[in-house]
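Try each task yourself before you read the solution.

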Amino acid sequence: MQKKVRILIVEDEVAIREGLIDVFVYHGYDVDFSGDGIEGLKKALTGTFDLILLDVMLPGMNGFDICNQVREHDRDQAIIMLTAKSSDDDIIEGLTLGADDYVSKPFSIAQLLLRVNAVLRRTRSVIQQGNTISLGDDVVIDTQNLSGHCGKDPISFTRREIDILIYLLANSERPVSRDELLNKVWGYAADADLETRTVDIHIAKLRRKIEVNHSEPQYLVTVRGAGYRLIGSI
Ligand code: CA
């Protein structure tokens, strides 16, 4: 089952809040909201949200103070501030307190969704510790035992699939072409005129194992015209 991205919207202006709720529900997010600073903080501190959209001027407690308290509690919580004015002071204060990004009102929905996706990509990190690769919160892979789990589902891998993941992870700052994968992972000569479909088939199998929604990959992404990339690791 696909795990929805959970987003908390803390915004007291009803028209903006309702608009945001509609947009994120429409795009498949699991949405909670508050129009009050103190209630918003209480919800934010539950730690159950992938992302918090936080207005600055709120009744009860302002967005900067909320951001500060959330950060003390969980420094990895993704937060985007919604600043009412494009005043540099607001923006600098928000970012100093540890918001991941800010969007100035009035903002376009397209612009906001781009920012949201960028922040979520950064925070859904790829982590390698010893023989373990973690992708976001969902996927854990044991590279030695060729096993792992995606959510609660156990998964098993072939040695080749693990080698592909390890190579992509080692080069995660850039896309890796099919030819390079054939060369480095399969060991074929770099200039061999080979059927790169072999690579695509392995990637498709990997996606069915490690992606929550394999038709919309979050971790093992295609970079058009360039190859494949394991994203999240910065
Ligand atoms: Ca406000």
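**Exercise 1. How are the donor residues of the calcium ion spaced in sequence?**

Before we start, a word on the ground rules. This is a predicted model, where local features need pLDDT of at least 70, side-chain atom pairs count only at pLDDT 80 or more, and totals for chains, interfaces and linings use all residues. Residues are numbered from 1 along each chain as its sequence is written, and side-chain values use heavy atoms, with hydrogens and water left out.

Step 1: the spacing reads D-x42-D-x1-M.

Step 2: The protein donors are Asp-12 (OD), Asp-55 (OD) and Met-57 (O), and they sit 2.1 to 2.3 Å from the calcium ion. Donors here are N, O and S atoms within 2.8 Å of the metal (3.2 Å for Na, K and Ca); water is not among the atoms, so sites may look incomplete.

Step 3: Helices (H or I, at least four residues) and strands (E, at least two) are DSSP runs, numbered from the N terminus.

Step 4: check their cover. Asp-12 is partly exposed, at 28% relative accessible area, whereas Asp-55 is buried, at 2%. Buried means under 20% relative accessible area, exposed over 50%, and partly exposed in between (1.4 Å probe, protein chains only).

**Exercise 2. Which residues of α8 are buried, and which exposed residues are on the face turned away from them?**

Step 1: list the buried ones: Val-199, His-202, Ile-203, Leu-206, Arg-207 and Ile-210. They cover an arc of only 140° around the axis, which puts them on the same side of α8; the arc is that of the directions from the helix axis to the C-beta atoms.

Step 2: turn to the face pointing away from that buried side, and you'll find the exposed residues Arg-197 and Arg-208.

**Exercise 3. Which residues have the most contacts inside the largest nonpolar core?**

Step 1: know what to look for. A nonpolar core is a set of buried Ala, Val, Leu, Ile, Met, Phe, Trp, Tyr and Cys residues joined through side-chain atoms within 4.5 Å.

Step 2: the largest one has 26 residues, and Ile-141 and Leu-181 have the most contacts inside it. Elements giving two or more residues to this core include β7 (132-135), β8 (139-142) and α8. The largest share, six residues, comes from α6.

Step 3: zoom in on Ile-141. Beyond its neighbours within four places in sequence, its contacts (heavy atoms within 4.5 Å) include Phe-157, Leu-165 and Ile-210.

**Exercise 4. Where is Leu-146 placed, and what is its phi?**

Step 1: find Leu-146 in the loop between β8 and β9 (147-150).

Step 2: its phi is positive, about 55°, although Leu-146 is not a glycine. Most residues other than glycine have a negative phi, and most peptide bonds are trans.

Step 3: for a peptide bond that is cis, look at the one joining Lys-105 and Pro-106, with omega about -5°. Pro-106 lies in the loop between β5 (101-104) and α5 (109-123).
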